[in-house]
Structures are given as C-alpha cells and as structure tokens.
Amino acid sequence: MSPRWEDLNARARGLATHLAPRTALQELAETPDLMTLAHGCAALGLIAAEPEDVTAVSLELAVRRGAARNLGVIVRWLGPRAPWLRIVLEEEDRRSLHALLRGAAAGVAAELRLAGLIPTPSLPERLLEELARQTRVRDLAALLVIWNHPYGSPLLVEAGAETPDLFRLECALNQTFARRASAGSRQGGRELRDWVEEAIDLENLRGALVLASGEQEVSIAAAFLPGGRRISLEQFSAAAHSGDPQRAVPLLAPCFEDSTAQLIRRHATRHSALDNAILAHRLDRLRDRARRDPLGPAPLLWYLLRLRAQAVRLRFLIWSKAISLPAPLRRERLEEVA
C-alpha cells in the first residue's frame, strides 16, 4: 500500500508561505550592511530574532536554526513514513558532509564550514558544530563513528590513509548514500524512487566530469554509483576516460532530457554554476509535478528543495555583505545562485 501524503503536504504548503520569494531576496541584496540584512531577515520570518551582536557568523547561525526549526515541523509529522523520507533528509546530510570534508581538508575556519548547512535529525546542530571543529578529516570520520552515524565507518576507512584523498572520501560518501537511498526508496512509491534515481544520476554526472578533467585518479568502480536510471556504467566510463570535460559532454548530455542536457552543455566546466543551474531546474520540475499530482509527495519534496535553495541564497547574501562585495556584483551573482 502506497503511503499517503496529504497531511505532510499541508504542513509543507503552510511552511512554504514563510519562504522568501526571489523579489524579497533581491531586496535583501540591496541592503547596505549585515545589520540591515538581519533586520530584513527577521521581518521576513527567516530568523526567529536578530542576533544581539550581528556578524556573518551569528546571522548564519540564526538562519541555520530557522531552517532547522521548519524542517523539524515536517519531521514531527512523519510518523510511519519516516523510513521513506529519511532518504530525502540523507541527501541533505550528504551535502553537509561534503562541505565539512572539504573544509577540514582545506583547513577552513570552523564557522565557514557551516555556511549554508541545514541541521537534520541525524546531523543536528550540535553535531555539525563538533564536526566543523575537527582539524583532521580522520577525526571528523571518527566522531561520526562515535555518534553511530551510518556514514562514519565508510569515511573512516578512506580517512585512515596518511594523506586522505578528498575525492576518494567523497566517493565513499556517495556510495553509502546511493546504497542506502536505493534500498530505502523501494517501498516509498514512484515519486521517491524518481528522486533517488535523479540524485544518483546527477552525482554520476558530476563524478564523470571531475574524472574527465584528469585532476583525480580513482577507479571507475569506486566513483560510479549504481541505482541511477540515465547514465550507465559504460557511458560513465567512456566520459571519465575522455580526458577533457568538453569531450565528456557529448557522451553525457544525451543521457538526459533536452532541458537538462542544455544546462550540461552550458556549464560543464564550471561545477558550481552547473550545480546551481540543476538545482533551479529541479525546483521547476517539482513545482510542475506538485501541480499535476497534489496528493503525492511532490509538494513536500518541492518544499524541502526550496528550503535548501533558500539556505544557499542566504549564505551567499550574508558572506557577500561580510566581504563588502559591490552591489552590482551582488545582484549579478545572486541571479546565478539557485
């Protein structure tokens, strides 16, 4: 029997009224400083209250807690659907762990590693902050093991090397996600299986483009994620061995529908731009699905993805103010952020 989603969709629609529309974010981009930005975020309900001492770090924390509070409303209503929605929340966890691993490997300040992350039940704020304080990748993985987090052991295996390879760590993270998400989505209905398959296909797209650049060396078996629908192992291998992302594009773009293929051709050599463009495209598609099937999980999934996109935009606005990015550049780059 397929799960029912009407009550969760109702909660998601209610919470979505508190998301900031793009026009409001554009107005926030025009604010002259962090203090005024904090006023605007509070007025829009994006934060519960303005920090006493407004800094980029304190405002980022307030935004992170606001997103966690809204996500917590959804989590409290999951009930027996929790195993199926866990796979969606784990995609958020995977995103957070990617950022924390990169931050630890690069020696980035702890507060910067947390920028744009959304706490979840399995990666609450306290654990995110502890992970961000770890100075070594191995310590980060070990802390996850202590917390009995499912991604801890696979990461610890790769982190045990004298000089841990960041790409191999990310591959281990992705392999764990793909395995758990594919298993968890089997009983959740077609829409959730589509979500997981799409997430895996997009990660295989990114992995093939990275390998095609020649900057990383890892076996195809370690990098390729089973469970997707569009990119086969053979297509992935051919693209990864092409020697150049531009030569990989003709091998990968036809695997997707025309609209996604166009984004791949346009942004293949700029990974962050491709990520933002695909996130915006996923939002558009989920909005259409939510209209066509209001009783399925699409309205809920659309809200969760919008919450992530808002976190990305607010992170950009906060830190662009912190570094005094000129207003014209701020406006231009906000349009590029999903």
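## Charges over rings

A charge sits over a ring if NZ of Lys or CZ of Arg is within 6 Å of the ring centre and within 35 degrees of the ring normal. In this predicted model, Arg306 meets that rule: Arg306 lies over the face of Trp302, at 4.3 Å from the ring centre. Arg282 lies over the face of Trp195, at 4.9 Å from the ring centre. Aromatic pairing is a separate matter. The structure holds one aromatic pair.

## Helix 16

Helix 16 covers residues 271-292. Its 22 residues should span 32 Å at 1.5 Å a residue. The end C-alpha atoms are 31 Å apart, which agrees with that expectation.

Which residues of helix 16 are buried? They are Ala273, Leu274, Asn276, Ala277, Ile278, Leu279, His281, Arg282, Leu283, Leu286, Arg289 and Ala290. Two arginines, Arg282 and Arg289, are on that list. Both take part in salt bridges, Arg282 with Glu91 and Arg289 with Glu191.

## Salt bridges from helix 16

The count of salt bridges in the model comes to 29. In the bridge between Arg282 and Glu91, the closest N and O atoms are 3.4 Å apart. Arg282 lies in helix 16 and Glu91 in helix 5, so the pair ties together parts that are 191 residues apart in sequence. Arg282 and Glu91 are both buried.

Glu191 and Arg289 form another bridge, with the closest N and O atoms 3.2 Å apart. This pair links distant parts of the chain, 98 residues apart. Glu191 belongs to helix 11 (residues 190-212) and Arg289 to helix 16. Both Glu191 and Arg289 are buried.

Glu60 is found in helix 4 (residues 56-76). Is Glu60 buried or exposed? Its relative accessibility is 4%, so Glu60 counts as buried; the cut-off for buried is under 20%. Arg64 is buried too, at 5% relative accessibility.

Glu60 forms a salt bridge with Arg64, and the closest N and O atoms are 3.8 Å apart. The two residues are four apart in helix 4, so about one helical turn separates them. An α-helix has 3.6 residues a turn, so residues three or four places apart point the same way. Beyond residues up to four places away in sequence, Glu60 touches Leu114, Ala115, Gly116, Leu117, Arg315, Ile318 and Trp319.

## Nonpolar cores

In soluble globular proteins, nonpolar side chains tend to be buried together. Here, the largest nonpolar core has 59 residues. Ile74, Val88, Leu97, Leu100, Leu131, Leu300 and Tyr303 touch the most other members. Helix 5 (residues 82-106) gives the largest share of this core, 10 residues. A second, separate core has 30 residues, including Phe167, Ala261, Leu274 and Ile278. Leu274 and Ile278 are also among the buried residues of helix 16.

What does Leu300 contact, leaving aside its neighbours within four places in sequence? Its partners are Trp5, Leu8, Asn9, Ala12, Ile74 and Leu85.

## Gly103 in helix 5

Gly103 lies in helix 5. With 5% relative accessibility, Gly103 counts as buried. Leaving aside neighbours within four places in sequence, Gly103 is in contact with Val108 and Arg113. Gly103 and Thr176 are 73 residues apart along the chain, and their C-alpha atoms are separated by 20 Å.

Key:
Residues numbered from 1 in each chain as written. Predicted model: local features only at pLDDT ≥ 70, side-chain atom pairs only at ≥ 80, totals over all residues. Heavy atoms only, no water. Phe/Tyr/Trp six-rings, centres within 6.5 Å; stacked < 30°, edge-to-face > 60°. Expected span 1.5 Å × (residues − 1). Buried < 20%, exposed > 50% of the residue type's maximum accessible area, 1.4 Å probe, protein only. Core = buried A, V, L, I, M, F, W, Y, C linked by side-chain atoms within 4.5 Å. Contact = heavy atoms within 4.5 Å. Salt bridge = Lys/Arg side-chain N within 4 Å of Asp/Glu carboxyl O.
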